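Subject: Two-chain model, handover and findings

Hello,

Here is the structure you asked about. Please look it over first; my notes follow below.

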Amino acid sequence: MSFSAKTIWKEFSHSKIGIVGIAILVILFSMSIVAFVTIPLDNFKTWNDPASWLLYPKSAQPAWVNYFQSEKIPEHLILKPISSSQQLDSVSVLTDSFVVNYQYDGFPSDFIYQYTAKYSGSPLLQMSVTRPDGMILQLVSTSLPFANGDTTYSSMIFSTQDVITKNIEDKKTKYAFSLDGMSSEKIIFSKLDENTILKGPYVFRVHLYDVSGTPVLAKSNLIIGGKVYGIMGTDELRRDLSVGLLWGTPLALFIGITVSIGSVVFGLVYGVYAGYKGRSTDEVMMRFNDIIYAMPALPLLIILAVTIGNSIFLIVGFLVIFGWVGIAKVSRSMALQIKTLQYVEASKLMGQKDYKIIFKHILPQLLPYAFASIAISVPGAITTEAGLSFLGLGDPTFPTWGQILHDASSYSAAARGMWWWILPPGIMIAVTGLAFVFMGQAMDSIVNPKLRQR
Amino acid sequence: MGFKKFLAKRAITMFGVLMATLLLTIILVGSNMDSISKQSAALEIRQQVTNNKNLLSSFKTTEQLDSYIENQIKQRITALGLDQPWYSPQRIGLSMYKILTLDFGHAKFLTSDSGSSDVRDIILEKLPRTILLFTTATAIVSVLGIFLGTVAASKVNSKIDRITSGLAIISSSFPVWWIGVLMIFVFAFLYPIFPARATPDVSTSDPGYLGSLLYHMALPLITLVMIGFGAWAYLVRNFLVGVLQEDFIMAKRAAGIDEKRILYSHALKNAAPPIVTILALSLSGSLGGAIITEAVFDWPGMGRLYFEAISVLDLPVIIGATYVLTAFFLVSVFVADVLYGYFDPRVRRE
């Protein structure tokens, strides 16, 4: 029954699946660190705020699907500008240019220019595009609203605006086909002789002319709409799934590990105390244990989440309430064995206090079992939380993998074939669970040598 | 301790659990339930007064009318015993008595397919479907699992043994409902073999109803079996491996009894108590898990009823469904206990 940390580690390192489990866990922990570093928590909390995802495409597949396809699906591009400014006599000109090498086999769905300008007076904003064949199309020419003093003005130019199609009409003689009723991006990105995509480098230029001062473009983004985006794609609400999946990792680890440590520590102390005390204390404590053990966990968890609240910390607490019972039963029977050992009897006769005997002589003996139980009960905690979130009872401020799946199912992603919305969260849940199951199996075979002979 | 005493003790514990769960549920939803019943009483009075033209015309000012209505509402609330706080012992006792006698009251929003809003009618309509799906699944899973587990136990460390163990470990870390979503994606979207929604699309009176029900049941059934049998086989294998190491098996082998006979009739018989217990427990466990699975497949049983009740916060339905689910759960735990005590007399003596 006695183990030293060294021998345990020695045995553990011989177990293949144990090492695989640790390797997966290390990867998950590094993903969590990446999440903390690259996406600040405050940014992540805007996950459920539609306004913060306006620039992203709706239901876009991951960008890497293009590697497996001969026909390249247009990618959703969020372009950053190259800025330059010059002074022509009294007029100061600010130019933001956006270069894109367009090599996809389809027209972009649209384009949006989003800007925030700081100026005084009434500057003139012009937008034009230089196509790969050298033709320059004037798209927009508009003056920003007049302001007496310094002012900030934010607005967007959409490809659907009539003014763009009207401006392009000047060049309609160059096209071999009729432009009537065609949307602007299909004209701008089209070959001249037929209406198919013209591949090559496009340069969008935005000029800001002002006579009364030097205007500044504080924010300036050109979005060319497409159907694929990023590493993990986006969902129906335009959210970048890679952000949600990455942040789901620390949350799942937090839930799983806190719940299992909480349940094991409580169950261990409860069981050992009942077993050590014996008699009526044991009887009462074990009947209470029976009652919790026989309660249907999921329905009660749901009622608790609905009535008391669904903050992530509360859910962790609820999961502990139903998690400790099994461990208490096992550790009670272990304590029953240990308390008959001579050294325990001896320290009892020497007048050692009960809690000292429990904490000094009995609990340390159960530590290996405790570690194995912690590892084994993590997957259950993670899947139960995922299940609650899947039912829509998760904490909305900390979206977990289960909540991504909840959103996927409420927008019937499965029936619409949006595999990139369904597969990754489930795989992440399973892989995280597997890491702990592997480690638990490896530790279990050390703690219970009987299992090995089988 | 005799078997009867053992039975009585278990039965009392189970009843205690039922009461505790019920009390907990009532305490948790009590304050919400209270305001709901007060609101509905007030609404009823208002409707009565506005429908009564004679009464309405006898009031000269709106203040008079309002104070009259207020009075009536107060009277009604006192008559119903709602003037006492919801946590008063009488009211909790009354609610528990009502629930025990299966009087769950009327649902707030949900109705049964036939249009009744009586919670008992709704539950009676949904319960058979849940039992149909999950009993069938458990039956298939246990037969498959016992067979596969026995084969694995007879050839420890063979390929089939390792595959079974691996399957058990892997399938235990996947959430069943996620596999369900995947199955819908593959077999209802990519290859449209089965319907995505498991609710039958013909009415209950149609002669083709049963066929339609079974067809719609196929996808959830396949999913439940797929996820379940690995763990089962693993359990059966572990029990059997333990039994096969016992001395009496050695003796049988020495006596020259056929290895197959030893395995199927002698070893399996001795491993029966834990297997039967787990069978009973997994039946009840699957009922609890049904909440999510049925929501995924849109199977019109207790689980989906529960899910719908939660999403609109229909408290009478939630309380009724929790009670019925708990009762079923406890009955199967009890049956498992009894079976175990019957098969293994040592348990009784503990």
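In what order do the elements of chain B run from the N terminus on? They run α-α-α-α-α-α-α-α-α-α-α-α-α-α, and the secondary structure of chain B comes to 14 helices and 0 strands. Before going further, note that this is a predicted model.

Chain B

The radius of gyration of chain B is 27 Å, against the 20 Å that the globule rule gives for 350 residues, so chain B is more spread out than a compact globule. Along the principal axes, the C-alpha atoms of chain B fill a box of roughly 105 × 60 × 35 Å. Of the 350 residues in chain B, 35% are buried. Among contacts in chain B with a separation of 6 or more, 73% are between residues 24 or more positions apart.

Chain A

Chain A has 15 helices and 9 strands. Its radius of gyration is 32 Å, well over the 22 Å given by the globule rule for 454 residues, so chain A too is more spread out than a compact globule. The box filled by the C-alpha atoms of chain A, taken along the principal axes, is roughly 105 × 55 × 40 Å. Buried residues account for 38% of the 454 residues in chain A. For contacts in chain A with a separation of 6 or more, 76% come from residues 24 or more positions apart.

Chain A is divided into domain 1, which covers 5–43 + 240–453, and domain 2, which covers 80–224. The C-alpha centres of domain 1 of chain A and domain 2 of chain A lie 56 Å apart.

Where the chains meet

Contacts between the chains involve 36 residues of chain A and 45 residues of chain B. On the chain A side, at least two residues each come from helix H7 (279–293), helix H8 (297–307), helix H12 (354–390), helix H13 (401–410) and helix H14 (419–447). H14(A) gives the most to this side, with 9 residues. By class, the side of chain A that touches chain B has 24 nonpolar, 9 polar and 3 charged residues.

One residue to look at here is Thr13(B), which lies in helix H1 (residues 3–51) of chain B. Leaving aside neighbours within four places in sequence, Thr13(B) is in contact with Arg287(A) and Asp290(A). Thr13(B) has 19 C-beta neighbours inside 10 Å and so counts as partly exposed, since a residue is buried only if 20 or more other C-beta atoms lie within that distance. Within chain B, the C-alpha atoms of Thr13(B) and Ser112(B) are separated by 34 Å, and the two are 99 residues apart along the chain.

Backbone points to check

Most residues other than glycine have a negative phi. Arg238(A) is not a glycine, yet has a positive phi of about 65°. Arg238(A) lies in the loop between strand E9 (216–224) and helix H6 (241–277) of chain A. With 18 C-beta neighbours inside 10 Å, Arg238(A) counts as partly exposed.

In chain B, Asp298(B) has a positive phi, near 60°, and is likewise a residue other than glycine. Asp298(B) is found in the loop between helix H11 (272–297) and helix H12 (302–312) of chain B. Asp298(B) has 16 C-beta neighbours inside 10 Å, so this residue counts as partly exposed.

Regards

Key:
Residues numbered from 1 in each chain as written. Chains lettered and ligands numbered in written order. Predicted model: local features only at pLDDT ≥ 70, side-chain atom pairs only at ≥ 80, totals over all residues. Contact = placed C-beta atoms within 7 Å. Helix = DSSP H or I, 4+ residues; strand = E, 2+ residues; numbered from the N terminus. Nonpolar A, V, L, I, M, F, W, Y, C, P; charged D, E, K, R; others polar. Rg over C-alpha atoms; globule rule 2.2 N^0.38 Å. Buried ≥ 20, exposed ≤ 12 C-beta atoms within 10 Å, placed from the backbone. Domains from an automatic or database assignment.
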